Amino acid sequence: MRILHMTPADVSNGVYHYIFSHMRHMDTEEFAFAFLTKGAQALEQTGEWKKYGFPTYTLHHTQRDDREGMVREIRGILAEGFDAIHLHTSSWRGFLIEEIAMEMGIKRVIVHSHSTGIDASDRELRNRLEKENEAYRRAFSMEYATDLCACSARAADWLFGPQIPRERILILPNAVDVDKYGFDPEKRERIRMALGIQRKTVVGNIGRYSYSKNQEFLIRAFARAHAKNRNLFLLFLGEGELLKNMEALAGNLGIANSVRCLGWQKNPEDYLQAMDVFCLPSRFEGLPISAVEAQAAGLRCLVSDRVSREVGITELTDFLPLEEQVWAQAILECGADPHRRRWDAQIADAGYDIRLAAGRLAQFYRGQNVCR
C-alpha cells in the first residue's frame, strides 16, 4: 500500500517524530511511505531516510503564489499511483491538495490535526493566521477528505468545526517506546557526570525554542526558584529560532551558569534519566510527545494547564496555570528521586505504547475498524 505523507518543511517538527516512530514498527513490505514536503533536501539527510530510502517529492509551488503550477505539480505526483495521501497539518491554509486528491479518486484522503494553535512569535502574523484558520475551519466539509484524525480532542476541535460529527474523527495519540524510556540509573549517572551536574536537582525541558513552547516563562520561573535554592540546574534540549533569546535571558537574570541549552540529541531518553523534574509550560500543544516520554522515564511532570489533558496519563503529571510564582514553588518542591519506578503498563494501557499504536495505524490504513 503506497501512502504519501504531506509534511512540514522543518524536519525537526514533531510530525516526523510521529511518522518515523510508527514506521519502525510497521511492515515495510505491506506499507510503502513517501513524503511530499518543501523540506525534501533536509529530509534526505536524516537517519530514517538513509535507513529506509523512501521517495521524497519537493513541493515547489503554493496556492497563493502559483495555483495552476501547484495543481499541475500535485496531479503529477498523485498520478504515480498512491493508495492514500496522509496530510499532516497544524492549521488550515487551504483545501487545494485535498480537492485534487478527491477529484482524482485517491482511495484515502486523510487529514490529520497535530496542534491547537499558531506557533508564531509575531502577534500580528499570529492573529492573521488564526483568523485564516478559523475561516477555513468553518468552511471545511467531508467533501475534502475521506478520513479525519487528530492527536487529541483539543486538536480535533482546533482544525475541524462543529459541523463535523466528532465520531468521524479518529484520535491517534502520540505514542512512545516505553521500553526505551524506562528509568535507567546507569544512564542517569553517566549523563549527569558528563554534564558536571552530579549533585544538582535538574529541571528539564525538551522541544523547539519557539513561541508555543514558552521556554522564556520557564527560565523566569526557574530564576525565582533558583534564588531560594542555588542547587537547582535547568537543562534544555532542542533547536529553534528563539535559542539565542533564551540564552540571553538566562544571562540577564544572572543564572547563566545554572542553565544549559543543548541542541537536539540523538538520545533524548538518556537525558530524561538525568533530570529530576520535567517542565512543559507551553502556550498550546496538540498532544506533546515529550511529556509522554518524560512519564515513561518516571519523571514528575509540571505541565501548563493550556495543554491537552489527555497527556496526564499517570499520577506523575500536575497541570499548572502560567503564573511564575506557582511554577517556582512547584519546582522547589521537587526533589531528586534516584529510584524512580517504571510506568510501562499504565502508559501502554492508555494507548501510548508505540507497538500498539503502530498496529492501530496499520489497521486504519487497511480500512479495518479501529477502536476509538
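**Aromatic pairs.** I went through the rings in this predicted model and found 19 aromatic pairs. I looked at Y16 and F20 to start: their rings are tilted, with 6.0 Å centre to centre and 40° between the planes. Both residues sit in helix 1 (residues 14-23), four residues apart, so about one helical turn separates them. I checked burial too: Y16 is buried at a relative accessible area of 1%, and F20 is buried at 6%.

**Charges over rings.** I found the charged end of R2 over the ring of F82, 4.2 Å from its centre. R341 lies over the face of W343, at 3.8 Å from the ring centre.

**Strand 12.** Is strand 12 (residues 300-304) enclosed or open? Four of its five residues are buried, so I wrote it down as largely enclosed by the rest of the structure. Strand 12 pairs in the parallel sense with strand 11 (residues 277-280) over four bridges, and also with strand 13 (residues 317-320), again parallel over four bridges. I followed V303 across: L280 stands opposite it in strand 11, and F319 is its bridge partner in strand 13. Strand 11, helix 13 (residues 289-296) and strand 12 make a right-handed β-α-β unit.

Methods
Residues are numbered from 1 along each chain as its sequence is written. This is a predicted model: local features need pLDDT of at least 70, side-chain atom pairs count only at pLDDT 80 or more; totals for chains, interfaces and linings use all residues. Side-chain values use heavy atoms; hydrogens and water are left out. Buried means under 20% relative accessible area, exposed over 50%, partly exposed in between (1.4 Å probe, protein chains only). Helices (H or I, at least four residues) and strands (E, at least two) are DSSP runs, numbered from the N terminus. Two strands pair if DSSP finds at least two bridges between them. A crossover is right-handed if, with the strands pointing away from the viewer, the path from the first strand over the helix to the second runs clockwise. Rings of Phe, Tyr and Trp (its six-membered ring) pair if their centres lie within 6.5 Å; planes under 30 degrees apart count as stacked, over 60 as edge-to-face and the rest as tilted. A charge sits over a ring if NZ of Lys or CZ of Arg is within 6 Å of the ring centre and within 35 degrees of the ring normal.
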